[in-house]
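The sequence and the model are shown first, and the description follows.

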Amino acid sequence: MLLTIHKHVVVKIPRFSVSHDNQKTWLLHINNVQQDDRGYYMCQLNTNPMMSQVGFLQVVVPPNILDSLSTESTVAVRENQNITLTCKADGYPTPKLMWKREDGQNININRHYKVSPMIFVPNQLVGAPAGTNVTIDCHTEAYPRAMSYWFLGDEMILSNEKYTTSIMENSYRAYMRLTIRNLQAGDFGNYRCISKNSLGETEGSIRLYGKMNHL
């Protein structure tokens, strides 16, 4: 779907708008984000050949309890009988629900919640002068644990004298970092962080560009 051309919004959705800072930055604004807005967005320069950059918008839906026991509800059962209490909730990613007794003690539920990978990119456009070092970041969420790796163009990046890759994991979250040393002309371009588990695969995009080294 074509959204904007230059400073004009083409799509007939009033929640979308576009602005320009009169320098080199164009901004696409989405008000009152909806779950249907989730997906890939591309900004395109009509040069020859065409130049473009793609980013993925992930929409998180706050958890909502659909059906729960009211505080006035009383369920009577005899000792040694079985009973099932139901509480339904929706949201994206899958919300994690915990049962508690009125006395505050947790009820241990041995259940795993499975979530396909999601990626959040703190900075999608990073500039650094040639000859310096730079570090770029991606944050991921997934369960089961995801495999995460970096690409420059179509080439996978491995740790060596040029690159250092690291990942710090905390429960279902992971923080990916890539450090590029002694930047040269061939190091500038589009870097992709990719996260993949048994439920799916997603990626984030970071454009690394060269800027002047002011003395």
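Arg 145 is exposed, with a relative accessible area of 60%; exposed means over 50%, buried under 20%, and partly exposed in between (1.4 Å probe, protein chains only). The structure is a predicted model, in which local features need pLDDT of at least 70 and side-chain atom pairs count only at pLDDT 80 or more, while totals for chains, interfaces and linings use all residues. Residues are numbered from 1 along each chain as its sequence is written, and side-chain values use heavy atoms, with hydrogens and water left out.

**Salt bridges**

Side chains of opposite charge can pair when their charged atoms come close. A salt bridge is a side-chain nitrogen of Lys or Arg within 4 Å of a carboxyl oxygen of Asp or Glu, and a search of the whole structure finds six. The table lists three of them, including the one formed by Arg 145.

| Pair | Closest N to O |
|---|---|
| Arg 15 and Asp 37 | 2.9 Å |
| Arg 192 and Glu 203 | 3.1 Å |

Glu 169 is partly exposed, at 40% relative accessible area. Strands are DSSP runs (E, at least two residues), numbered from the N terminus.

Arg 15 forms a salt bridge with Asp 37. This pair links distant parts of the chain, 22 residues apart: Arg 15 is in the loop between strand 2 and strand 3 (16–20), and Asp 37 in the loop between strand 4 and strand 5. Both Arg 15 and Asp 37 are buried.

Arg 192 forms a salt bridge with Glu 203. Arg 192 lies in strand 16 (residues 189–197) and Glu 203 in strand 17, so the pair ties together parts that are eleven residues apart in sequence. Arg 192 is buried, with a relative accessible area of 18%, whereas Glu 203 counts as partly exposed at 24%.

**Strand 10 and its partner**

Strand 17 (residues 200–210) runs parallel to strand 10, and four bridges join the two; strands pair if DSSP finds at least two bridges between them. Ala 128 stands opposite Gly 210 in strand 17. Val 126 and Ala 128 form the covered face of strand 10 (residues 125–128), and Leu 125 and Gly 127 the uncovered one.

**Backbone geometry**

Most residues other than glycine have a negative phi, and most peptide bonds are trans. The bond joining Tyr 143 and Pro 144 is cis, with omega about 5 degrees; Pro 144 is in the loop between strand 11 (134–143) and strand 12 (147–152). His 6 has a positive phi near 55 degrees and is exposed at 53% relative accessibility. Asn 32 has a positive phi near 50 degrees and is exposed, with a relative accessible area of 57%.

**Confidence**

The mean pLDDT of the chain (the predictor's confidence in each residue, from 0 to 100) is 79, and 74% of its residues reach 70 or more. Where pLDDT is low, the predicted coordinates should not be read in detail.
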